[in-house]
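Subject: Handing over the structure

Dear colleague,

Please find below the structure that I promised to pass on to you, with its sequence. Once you have had a look at it, read on for my notes on what was found.

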Amino acid sequence: MNTEGCGYTIRAKAWGKDSVKHFHVEHTGTTFKFGFNEFSNLKELVMHFANQPLIGSETGTLIVLKHPYPRKVEEPSIYESVRVHTAMQTGKTENDLVPNAPSLGTKEGYLIKQGKIVKNWKTRWFTLHRNELKYFKDQTATEPIRALDLTECSAVQFDYSQERVNCFCLVFPLRTYYLCAKTGIEADEWIKILRWKLSQIRKQLEQPNATFKS
């Protein structure tokens, strides 16, 4: 959990994956509200979700709250709403939570990608880590079809030129990649985090002797 300003944030590791999602915790002044649950203090909230960590986000994705995060980190503020909170129990307490979390500013999921030569559309599994956006044939593939170096990307924006909805594009010097998400919410989330990545890259470029890690 992390505090931001007068509000609170839960950072969650996606079920079985290494992407990180954010959820707001509302502080009413006397209690803490998260989704449909209400807790008298933060310790009670942490103990509850250590034992019942599975929730459903507004995108329909099941999320398991698994790792705590540092209090102050630099990352994009992209939040989801809690739609479902399950009654799954693990028997764990806050003492079982260990500070061993995946990298922040990561994302993964299925997107539909337009081909370079034959302009057909194929579903691919995408992973965003550090300054690389990789895509695979599917979620089980171990080797990517291609790894895109985001230090070479000049823009990420919604695209309305295709006959599909929820599309966006990544502009590179030699090619523009057209991608479509299942929902507008997912497309917006991809655009926000990719734009945040580009802003971080530009900040690094402004620093003397800047180097990049992929």
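Strand 10 (107-114) and strand 16 (176-180) run antiparallel and are joined by two bridges, where strands are DSSP runs of E with at least two residues, helices are DSSP runs of H or I with at least four residues, and both are numbered from the N terminus. Two strands count as paired if DSSP finds at least two bridges between them. Within this pairing, I112 stands opposite C180 in strand 16, and I112 also stands opposite T123 in strand 11. Strand 10 and strand 11 are likewise antiparallel, with eight bridges between them, and a hairpin of six residues leads from strand 10 to strand 11. Six of the eight residues of strand 10 are buried, so this strand is largely enclosed by the rest of the structure; buried means under 20% relative accessible area, exposed means over 50%, and partly exposed lies in between (1.4 Å probe, protein chains only).

Before going further, please keep in mind that this is a predicted model, in which local features need pLDDT of at least 70 and side-chain atom pairs count only at pLDDT 80 or more, whereas totals for chains, interfaces and linings use all residues. Residues are numbered from 1 along each chain as its sequence is written, and side-chain values use heavy atoms, with hydrogens and water left out.

The sheet and its helix

Strands of a sheet pair through backbone hydrogen bonds, either parallel or antiparallel. Here, seven strands form an open sheet in the order 13-12-11-10-16-15-14, and the pairing is antiparallel. Strand 13 (146-149) and strand 14 (155-158) stand at the edges with a single partner strand each, so one side of each has no neighbour in the sheet. On average, neighbouring strands of this sheet are turned by 35 degrees against each other, direction ignored; the axes are lines fitted to C-alpha atoms, for helices over the stretch in contact, and angles run from 0 to 180 degrees between N-to-C directions. Four bridges join strand 14 to strand 15, which run antiparallel, and A155 has V171 in strand 15 as its bridge partner.

Helix 2 packs on the sheet, where it touches strands 10, 11, 12, 14 and 15, and its direction makes about 160 degrees with that of strand 14; contact means heavy atoms within 4.5 Å. Helix 2 has 22 residues and reaches 31 Å from its first C-alpha to its last, close to the 32 Å expected at 1.5 Å a residue, a span calculated as 1.5 Å times one less than the number of residues. Among the buried residues of helix 2 are W190, L194, L198 and I201.

The cores

Which residues touch the most other members of the largest nonpolar core? They are L133, L150, V156, F168, L170, W190 and L194, out of 22 residues in that core, a nonpolar core being a set of buried Ala, Val, Leu, Ile, Met, Phe, Trp, Tyr and Cys residues joined through side-chain atoms within 4.5 Å. Strands 11, 12, 15 and 16 and helix 2 each supply at least two residues of this core, and helix 2 gives the most, with seven residues. Apart from this core lies another, of seven residues, among them F23, F34, L45 and F49.

The cysteines

A search of the whole structure finds one disulfide, that is, a pair of cysteine sulfur atoms within 2.5 Å. C167 and C180 form it, with their sulfur atoms 1.9 Å apart, and the torsion about their S-S bond is about 70 degrees, so the disulfide is right-handed. The pair links distant parts of the chain, with C167 in strand 15 and C180 in strand 16, 13 residues apart. C167 is buried, with a relative accessible area of 3%, and C180 is also buried, at 2%. C153 is in no disulfide, and the nearest cysteine sulfur, that of C169, is 8.7 Å away.

Two loop residues

Most residues other than glycine have a negative phi, and most peptide bonds are trans. R130, in the loop between strand 11 and strand 12, has a positive phi near 55 degrees. N166, in the loop between strand 14 and strand 15, has a positive phi of about 60 degrees.

With best wishes
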